[in-house]
Structures are given as C-alpha cells and as structure tokens.
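Hi,

Here is the structure I promised to pass on.

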There are 4 protein chains.
Amino acid sequence: MSSNSFGKLLTVTTFGESHGPAIGCVVDGCPPGLAIAPEDFRADLDRRATGKSRHTSQRREADEVEILSGVFEGRTTGTPIALLIRNTDQRSKDYAEIAERFRPGHADYTYWQKYGLRDPRGGGRSSARETTMRVAAGVIAKRWLAEKSGITVRGYLAALGPHQPRTFDWAAVEENPFFWPDAAMVAELESFMDKLRKSGDSIGARVTVVADNVPPGWGEPIYGKLDGELAAALMSINAVKGVEIGDGFAAVEQRGSEHRDEMTPEGFLSNHAGGILGGISTGQAVIASIVLKPTSSILIPGRSVNVRGEPVEVVTKGRHDPCVGIRATPIAEAMMALVLMDQALRHRAQCGDVGEILPKIPGKTVK
Amino acid sequence: MSSNSFGKLLTVTTFGESHGPAIGCVVDGCPPGLAIAPEDFRADLDRRATGKSRHTSQRREADEVEILSGVFEGRTTGTPIALLIRNTDQRSKDYAEIAERFRPGHADYTYWQKYGLRDPRGGGRSSARETTMRVAAGVIAKRWLAEKSGITVRGYLAALGPHQPRTFDWAAVEENPFFWPDAAMVAELESFMDKLRKSGDSIGARVTVVADNVPPGWGEPIYGKLDGELAAALMSINAVKGVEIGDGFAAVEQRGSEHRDEMTPEGFLSNHAGGILGGISTGQAVIASIVLKPTSSILIPGRSVNVRGEPVEVVTKGRHDPCVGIRATPIAEAMMALVLMDQALRHRAQCGDVGEILPKIPGKTVK
Amino acid sequence: MSSNSFGKLLTVTTFGESHGPAIGCVVDGCPPGLAIAPEDFRADLDRRATGKSRHTSQRREADEVEILSGVFEGRTTGTPIALLIRNTDQRSKDYAEIAERFRPGHADYTYWQKYGLRDPRGGGRSSARETTMRVAAGVIAKRWLAEKSGITVRGYLAALGPHQPRTFDWAAVEENPFFWPDAAMVAELESFMDKLRKSGDSIGARVTVVADNVPPGWGEPIYGKLDGELAAALMSINAVKGVEIGDGFAAVEQRGSEHRDEMTPEGFLSNHAGGILGGISTGQAVIASIVLKPTSSILIPGRSVNVRGEPVEVVTKGRHDPCVGIRATPIAEAMMALVLMDQALRHRAQCGDVGEILPKIPGKTVK
Amino acid sequence: MSSNSFGKLLTVTTFGESHGPAIGCVVDGCPPGLAIAPEDFRADLDRRATGKSRHTSQRREADEVEILSGVFEGRTTGTPIALLIRNTDQRSKDYAEIAERFRPGHADYTYWQKYGLRDPRGGGRSSARETTMRVAAGVIAKRWLAEKSGITVRGYLAALGPHQPRTFDWAAVEENPFFWPDAAMVAELESFMDKLRKSGDSIGARVTVVADNVPPGWGEPIYGKLDGELAAALMSINAVKGVEIGDGFAAVEQRGSEHRDEMTPEGFLSNHAGGILGGISTGQAVIASIVLKPTSSILIPGRSVNVRGEPVEVVTKGRHDPCVGIRATPIAEAMMALVLMDQALRHRAQCGDVGEILPKIPGKTVK
C-alpha cells in the first residue's frame, strides 16, 4: 500500500531512514510558475532542527536541501519536485544491542510484528527524522498559499507539561526556543526543562496551529472534510496522540447556545468551530491543536522484551530530547499548509466555476 | 474529487440527501464468502436510530436496508455490495425560509460558499442522516473482523456534558438509552436531559470506542497510520471536533516514565498508547475517543445572515436532539470497524508472507 | 481493492449484477449547477440498448434511470449523483446447469478461480449489463463537456468483421442500426449479419470514437496521460482486446517524416497522433479505436470443463448477439467523455492559473 | 494531481528531467524480506540503455543506481525504496533555440499549452530518460514475481517497420541488439537500419511481452482489470500508440467459434485471449503487444511554429535513434511486471482466504 504518500492533488511522498544514506520527498501536483530555490527551505528546517537550543536534542546536521527536479530557472514547471537531504550524521556504530530489544513506547515492537524485520539504526523509518521532509514540502505549500490567497500558517506551543501561556503575543513566538507566545514565562520554562533533563525524564506538550485568510468553501464533504484531513495529517506526526479543531474537547461541556458561532453582516461573533463547519472552511481562521506525548527515549530504565520474548531492561543513551513537542510546531504548520493547498486545488477542480457572487462574512480575528 | 468514498482496500462510497428519495452506499473490496443478510443491519441501525428514546430526536424511519448487489445466495461474491434505504420521511413542505437563511453552527453557509447552491431540505447532504450508511457498512466490517480475528468493536458514552461515569461496566452500556457504562447514573442523566430539552438548548458529549483482539502489526507508516486513519474517520462524523488515541490530551502533562507502556513476557503493563505505536497496532486494545459538539439545532434564537447578507434571526423548529453525541456511539464503532478491516486487508497485501514467528505479548485487558 | 470505481476527480462507481435486483452508479465530483433530468439518459441508453434492432440481442428492459441523489431542483449540487436502474428482466429460472460449467471465452472460469464462488445468473457482474451505467454516467460527462468547452464525443463502427466503410458521413451513423458511416453499405451488412446469425456464430468489430473541440493541455504526464487513461477506460469495456490512438498499429510501418504532424500558424497539417502528444491534448480531434472480440456466446457447441474439472460441452441458448461490437459504440463514447471530463477537472486543479497567452494552433478537421 | 505515480498497492513514483541533476523513483509497498542490491539493476538498465549498439542513440551514461532507502542489510524492509541515478550527461549548452520552437510530433507544444512554461533541455520531463526508472522499478517486480510465483516476464521485437520474424526462438532474443527472435534475419535488419539512419528518417516497431506462469485469478473487475491496467501502463510508455491483448486487432475479423479458447481437463486448446478473460488471468501466458511510433527526432527538416506562433523549420541535430521501439522492449517488460506484482498484492488483499480448491487447467505453452 502506498502509505508514504500524503494528499490527493498535491501529493507528497517521503522516503528515507534516520541513518540511511539520505531522506527525501517528491512533491507532485504543484502548479507551474511558483518561484522556489534551495535556500527557501532554510528557515523552517532550522526552526525544526534538532540542536537548535539546549532544550532539544543534539543531532546537528546541515540539512542542505537539494532540488533534484521540477524546477527550471527558479520556477516550478508542473512536474514532480524531488527534494533530497543527505544524512551526514550516520553513526554507523554497533547497533546490535538495540536491534535485539524493543524500546517501550517506541515503534520497535510494532515494526517487528508487522514486517518481521526492521532497520534498527536510530529508529529507521519510524524516526522523527522523516518529518524534516514534511517541513521541506510544507515550505512550498506555505509559499503557494501566501502568494495565491494571502494565507499565513503559524504555530505556537500552547502547553509545555503543566505550563500554559498567561498572555498571547504572536511576536514573542519566534523570539524564544519554545515557540512560546508569552515572553515573560521563558525563564520559567528554561528552569523547568533543565530540571527535567537532569531527572532523565520527558514531558508532553500541546501545539496550536492557526491559518489566517483561508477563504470560505475549502474542504470536501463527506470523507474529505477539511477537519478530517487535518486530523489525519496532524495525527500522523510522530508522538501525536490527539487532535482538536477549534474548541475541541472543551465542547464536551459546552451548550449549543454557547458553541454555535453566530453571524452578522459585520462578521462572525466567535470562532468556537475553529473555522470549519460541515467540513468546509468558513472564512474564519482555521485552528487546530495537537498533543505530543512525552517521548519514551528517556534515561530512566524501563522493562521490555527482546526479539526472543525474553525480559530485558532498556535505557536510552546519548541524545535525549525532553520535550519533542517543541519542535513539532513547524511540522504541524507544514502539515496544515499541505492540507490547505491540497484542498485549494481540489476546490478549484470542482468549483472553479462558482462565481464570487456570495457575500463573504468577515472572520473574527483570533488571538 | 471523489470525497464521498472512504477506505483504500475496503472502500465505502455513500450517497444521498436527508430528504432526497434515498440514501445508500457501495461497499467495495469485501472478500468473498462472508454471510450477510438484510436483517443483519437491523440491530446497529436501531442503535443509531433517531427516535430510539425520548432523549434523541423524533424522526421515525423504517430504515429497511435493501441489498442491491454483491451478495448471492446469502454470501458476498467479491463484487461491490450496494445498500439502499428509501427515505420514507421526506416532508416536502415548504423550505423556502430555511433555504434563504444560514443556520449558525451548521454547514448551510459553507455549502453555499463552496457550491453556490445547496439542497436545503433537512440539511441535504450535510445531515447526519448520511451516517446511517456508515453504520450499515460498519456492520459488514464488524462481522468480517469478528469472523477472521475475533475482534469486537464496542463504544460507550464517556461524558454527557459535565457528567462522567463513576463506574464502568460493559454490560450496562446496551441497557440504557445513553450507552452509559454506569447503570446507577441513568436516572440522573434522564433528569439532566429533560431539563436541557425544556431549556431549548443542547450539550456536548464524549464517546469512546474500543476494539479488542486486534492483532499486532496493523497500520501503515507513515501517512496510513492506524491512528491517522482513525482520526480522519472519526473526525469526519458530523459534530466531531476532536479525536484522542489512548490517553490523548492527558499526555500533555504526563512524563515519559509514566506514559510509556512497559512490556514483560507476560504482557504490557499499561495501555496509555491506546494500542498503537508508530501508527501500528501493538496487540493491545485499540482505544479512541471523540468529542461531539452540542448541536446548533436549538430552540433558542440566534443571529445570522441570509443569502443576501442581511441580518436575520434563526430558530430551529420541530425535531430537537439535545445531545447528538449519544447516537454517535454506533457511528464511531462503525468507523473504527471500517478502518480496521481496511488496514487488515492492507496488511495482508504487503505482509501476508511474514510468518508468525514472533512472540506476541499479551495486551492488557482494558476496562 | 476498490476497482469498481473509475476516474480521479470525476469518479464513477458502478454496482450490480446482470440478474440482481438493480444496477446503479455513483458519480462523484461533478461540479454544481449542471442541469440534468431523468429523461436526459434516454437517448444514449436507447442507443446502447439490446433489442434495438434484430441485429442485437433481444433483452428488452425499460432501463428507466432514477436519480437518487445529487440533483436538486433540476441541477447538480456538487454532492454524489446516484443513478439506479431496476432489473425488470430477472429471469430467475434454474441456473444450476450454467452454475456448474464454465463457458469458454467467458469470465466464468476466471471469476471462479479468483473468488471461489460466483453469481452465475446471466454472467453476474461480468455481464455487459454493467456498461449501461457507464453510458448513463457518460451522459453527464458529455453534457458538461458540451456546455463548458463545446466538445462533442461521437463514435461509429469502423469495421464489422471483414467489412469497412467505403465512404464516411457522420450524418449516416445515427441513421442505421450499425452506427455505420456509409449508408450505401447497410443492406450489405444486414445480409451479412443475417447469415451469421443463422450460422450460430459471431464476429468481431472495430469502433472509433472522436472528440472534437478538446482544448490543448488536457492530460497529465507521466502516468495520467490522456492516452494512457483512454487506453485503460476503453480496454475495460467487455470484449475489448485492443486500443489505438490516432494511427495506432499502422505506425509500425510508418516513417517519422510521415507520422509527425507538422504545424503551421494556420494549423496542424495532419493528425496521425490522434490529438495527443506526450500524453497531452494538442487541440486537434482526439481519436481512439478499439477492437471488440467476437462474443463467445454462440450456438455452436464448445468444449470446456465444469467446476469439478470434468470435460463438458457448452452451448449458449436463448439470446444471441452476433456482434457485440455494434452497441459498444455509445459505451466507448461514454468512456471517452468520462476520461475527458476527469482530465478537464484535473487540468483546472493544477493549471487553472495558466493564462491563455499562448497561440492555439487550429486542429485539422478530421473526417 | 499525482500523476507521476503508478500502481495501487505497489506504487512507483518517478521524478526527474532528462538534463536535470538526477532522475529517481520511489517504490512503495514492496513486501519486506526481498533481497535486492545495487548491482541487480545493471542487466536491465544495460538492455534499455541508449548506446547499446550503433542502432540506438549515442547517449552514454553510467546509470549507476543508488539505493537511498528501504533496504537494510541487503533486504527490503517494507518501507519505501528510493532509487537515484545522477545525470552525468547534462550537456548544459545553449538551449535557447530549442526553447523557443516546438518540435513537431513531440510534447514541446503540449507542455507549453498545459503549463505555460517548460524545461526544454533534452525534452525535460517528457524525455524517454524517465523510463530508466521504470526499468529499475521493474527489476524489483520481476524478482518478486519470480521468487513468489515462478513468473518470468520477457519481451521481444515483433516487427521492425515492415519486417516481421519468420521464426521464433526465445534464445535468440537476447543475442542480438534488436531483441529479435529470428537470428537469421539480424543481418537484414542491420542493413535496413543503416540505410534508414543515413536517410535521416525513423521507423515504427511492434513489441510483444509475455508473462509465463501467472496464476489464474489476478486482475480486478471492473475498472482494475488486468488488461485495462496493462493498457494504461503500456500506453504510458513514450511513443506508444496502441496496445493489444492476445490476438488484439486481429479479432476484428475473427469468428466466435475461432476466437474462444476451448478448455479440456488437459488444458486450454488455444490462447487467443492472451491469458485474460473478464479482466482476470486465466493461468495461461499473459500476452500484450504495443506499437511504437517512429520518433519525430529526425534529421529531415519539418515545419512548425515557435512560442510566438510564427512559422519555423525544425531539424533535430545530434543524437538520432532511428527506431526507439527497439529499446522499448525492457521498458514494456518492466511495466508488465509492475502491473502483475500490483495485481498479485491486490488479489492477496481481497482473496487471500480463497482456498486452492479449484482445479487449475494447464495453460497452453505459447510460442
């Protein structure tokens, strides 16, 4: 089954293992004429990169993107865009021990059960290294969305373990290593993370992504709903265990009179729906949140079994990223951008003839 | 775009509007030889049916399933199975008023923006009536999963507004109109719902679905992960605003040493992961939860606009279902069953040769 | 595997067996706003219908199309269009004999080998009855193509066994039961067919389909080429054993200087390519031809085996259509129309922004 | 639209332009455990390579395949297999002239009309260079088919312009540069080709591909028929203008009593059907033929237009391959192998439970 591809009209196929020769992707379906250059991938790859700060793990790779195809004289041609990053940090040391035992909370055991064999080096295909190519592909989608529709896709860390922002400022988000919207809390978070690292443990997180200026009408009922596809896209990110649209699980205790977003000619009066009704964008900001589980790669020994079913103890050595949720921020942005661009193309395919005869209601500015 | 189909190897295509002549589906890819008869659909359709109790809305339809194809002498033949239900409750009364105004919190406005026109009768395609066919298709999947792998897929209401079960008993779930696992609380819920109905308002809910006996190895990295596909399937249900796998959003505040499910030769010691690691089933129970928003079809007037952009007031008359989350339970079961059967076939396609040489670790009995 | 669906953006899913309760299809992805009514299907279904003349077989069905969904007040809404035809001619007589033996040249043996069981009544799913729904779906595509781009899709019989037209006149095609473009030969063909029927044998045929006014640029390299998709679509018609684009197999003996279609500002000077270069339409007429094998349903006994592997003799009784190729003409038109509409939507999705800045070279009028 | 991918369960995505940095492919869905090494691609790539003899064009590339992912310790892991070939022969000379004019019979004009721009260097994406990766992917499919089912896929040149083999010997095919099954005719062909090259013209060809030992039951009705998918796969090869299964267009003049392949317990008595009935393999050899048009890259000047619509004269300089059909032989084999492996996986998915209770009739040995 071709499950290394994502999207219907804008299709991203990724390949590569954590410690193989390279990782890469093929982006198929991008309209022709979009300006794109190797250096355009730099910013978001840096934002995602491990090694960005002492609060994320220490793998340092150049992550230089090579454009192998689909771009001629600086513009996309409509043919598939292949991107490649060589793995420079292939520590091909002995992996015999890890090859024989299943780290609890990791995909080691399930890959083994599925395939009967696996590439154990650095997690192989199940490593978060794969998300590098999502971010790269997302750069193309972000650019197209911005040029065609003025859409911006931005994310932030909405919770770091028990900590939540007390104020909100988009400007702060890119100014600290936590993508945190409350600058005053950064020192507090650093202290928390330092203690956590020393303890050898890890912590969960919540990331929220917001797309502004999405026009109404994107998304396809019934099984290609914008929220359904966002859910699939975001849940496919390593360590994600939940996805919310708009108010999400808070709606369990809400009343209908509270949740429904009333409309006036001047605009929506609220955005509990997260910009999506019936699977289709409303014209308000599209808002999704995810939870990232605390990574199982911790220094605290855990019980497990080996390939022969014998009990073993497992300890993760070396790199240790106490909160993988932090760098999920640009990954989540990329996935939302890819979903939106795909839906934009799908909408154009079926409804390209529908005139702009309808009054568009202004969306409520969110945060 | 063909977004009325769901699944890759077991594909369900649904069609029909709430007040059109009929609703139906085509189930393609079912293996041959499965026994299936029209009466097999009865139980789950009744569980989903509106009008089951005074706590759900009053539409009463026979919902008799006709098998149009794909079954010969009581067994599936491997050709597409078409199921049809005639809409007997097509109140073709005047819908001029509703056709002109957009109910807040509904898909009226977004369909209008997308297509430039819509079928306003009863919500047309965006009505939850469509989910009837999901339940019907799910019956086939449930049966196949049970026969081939002994899998059961069961759901329950995990929260009704502010109420949560204080005890848990699967046996209780089917004995009350709320799919509630705590029999002692039923009277309390009935009282709550009666008051809510009188107030003309609605309430949100949480539904949890559990699949037992799923073998390890099902699910496809990277973009066809079992959890990713569950997320898409569940989020596509009307009114769902969030999906969790296992502990879900509770993991935000968990530590890695707490969340990771340790393994011993005697079995897993916990199931925070909800039976899925790296997108692949672990052999433990697969557990997913969803939030259903409070329906916007309430008796309390709300502000909105009409097709000319003028301000209007909207009140839902007639049927009023104060908690649509209740009957989402069998729908969620159906979606999980369809996802699992699809993944089973996909696993067999790629890994049908992988021998059963691996020790399977017993899953922890969940609840 | 969902192989009862066809098309990517305009997707047609068909279902139903020859002698089951009904046949039907779901057309998904049609843009909103297209006028369509049940009576619009009449003309093409009649053209395809068995029983049209004494030269095709004698099954007589009303073939009344019911529109179950996707149309509101006479216009498509953008939701799936379900079409249904009840099988009124279900002779449910004893089929025990045919159920046990495999007719040579039919799908009896291969369905048995694939599925381990089959619906033997009238060929079940493998019957050409299924093509009724292709024609119905094709009506929608033809209408959309005509309205949006002025495209016409027309077919004719290009060979009936050893007979080939000596002159060509589109006007003649619809005036005789053979879709034959040379009116002067009709008596000759009738005589040929009468003798053939008396002999109990059957004959092959060639059908050519032409789409005029297809704009340049439709078709997707590399694996979604217009000619590749036409080949798949046409080869999937019952009894087809070959597909040609433009000059087809005649190109084996052609020279490059002869085959290439030179261009001048006044237009192409020839159309050997059949309107497609590099998998993309040139703006000239798109031309495809197919061969229909002589049906194996003949009165002359043939050797075969039964389900126990024992030798048996098989004779087809009752209906006998000595040249199934004749009524393949509207089916082939439908498939070409569906492919073109699908490609039109796909082109719009990716290249909807490409301006009309390019000089279009006039196509050569073909025949 | 993701039209650079091919196959449903075994999916091949190719990328790259003729004179870009590299070409490559991603093969997704291959079962785990298959032994594969870089040197395994050598033989078929050499068979396809331009520059193999003086009768094919002179581009000489090492065509060294690098395996970027999906293989660990010499075996496939079930994750996507990425293959890369660097283009060493990127003559980046001035292409201004060719960029402005459309070669007749080429995809220059249609790409321009579709995308509004194109990569003119060596034909860009429309170059037959792309087929290198099909051959590479086909190597994996051939190997899997051979290991699992003992299937061989072999092709030969069935006509070179007016020349047809007078005798048939598989052993001869690989012993001459024409894939010609009649050794005695090779000198004749060489003489023909030498004259043709001197004339500056080109010639068409016919290629036949045969798969032996395909088990009965592969192929999916209705729109995933084995013959339908072969037609799509083969028609997508550059320069192909027609596809035949079994007797193909010869069936136009055949009678049913002649064409139907009678069966006896000892086996089929003929194979006019080319091993496929109702879209499903019969257990006989699967046989398909294609026509390759004479290439338009010839030294004889031709009339055309430029990007401004002005009349120009076009002459192909440099490399000149007077019969591109010759090296289409391994490409066609690869496409058939990929289709068969995809169908094998699809069959296993749906019908993996169908027991081998049926008597299989021996296929007729073909040629």
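Which side chain does that of Ser297(A) join in a polar contact? The partner is His106(A), at 2.8 Å (a polar contact is a pair of N or O atoms within 3.5 Å; within protein, one must be able to donate a hydrogen and the other to accept it, and residues adjacent in sequence count only if both atoms are side-chain atoms).

Before the rest, some housekeeping. This is a predicted model, where local features need pLDDT of at least 70 and side-chain atom pairs count only at pLDDT 80 or more, while totals for chains, interfaces and linings use all residues. Residues are numbered from 1 along each chain as its sequence is written, chains are lettered from A and ligands numbered from 1 in the order in which they are written, and side-chain values use heavy atoms, with hydrogens and water left out.

Ser297(A) counts as buried because its relative accessibility is 14% (buried means under 20% relative accessible area, with a 1.4 Å probe and protein chains only). An unreviewed UniProt entry lists Ser297(A) under "binding site", with Asn238(A) also among the residues there; such annotations may be inferred rather than shown by experiment.

The side chain of Asn238(A) reaches the backbone oxygen of Ser126(A) at 2.9 Å. Leaving aside neighbours within four places in sequence, the contacts of Asn238(A) include Thr131(A) and, from the other chain, Lys225(B) (contact means heavy atoms within 4.5 Å).

Between the chains, 118 residues of chain A are in contact with 118 of chain B. There are 48 residue pairs in polar contact between them, both at pLDDT 80 or more.

Best wishes

Note on methods: Buried means under 20% relative accessible area, exposed over 50%, partly exposed in between (1.4 Å probe, protein chains only).
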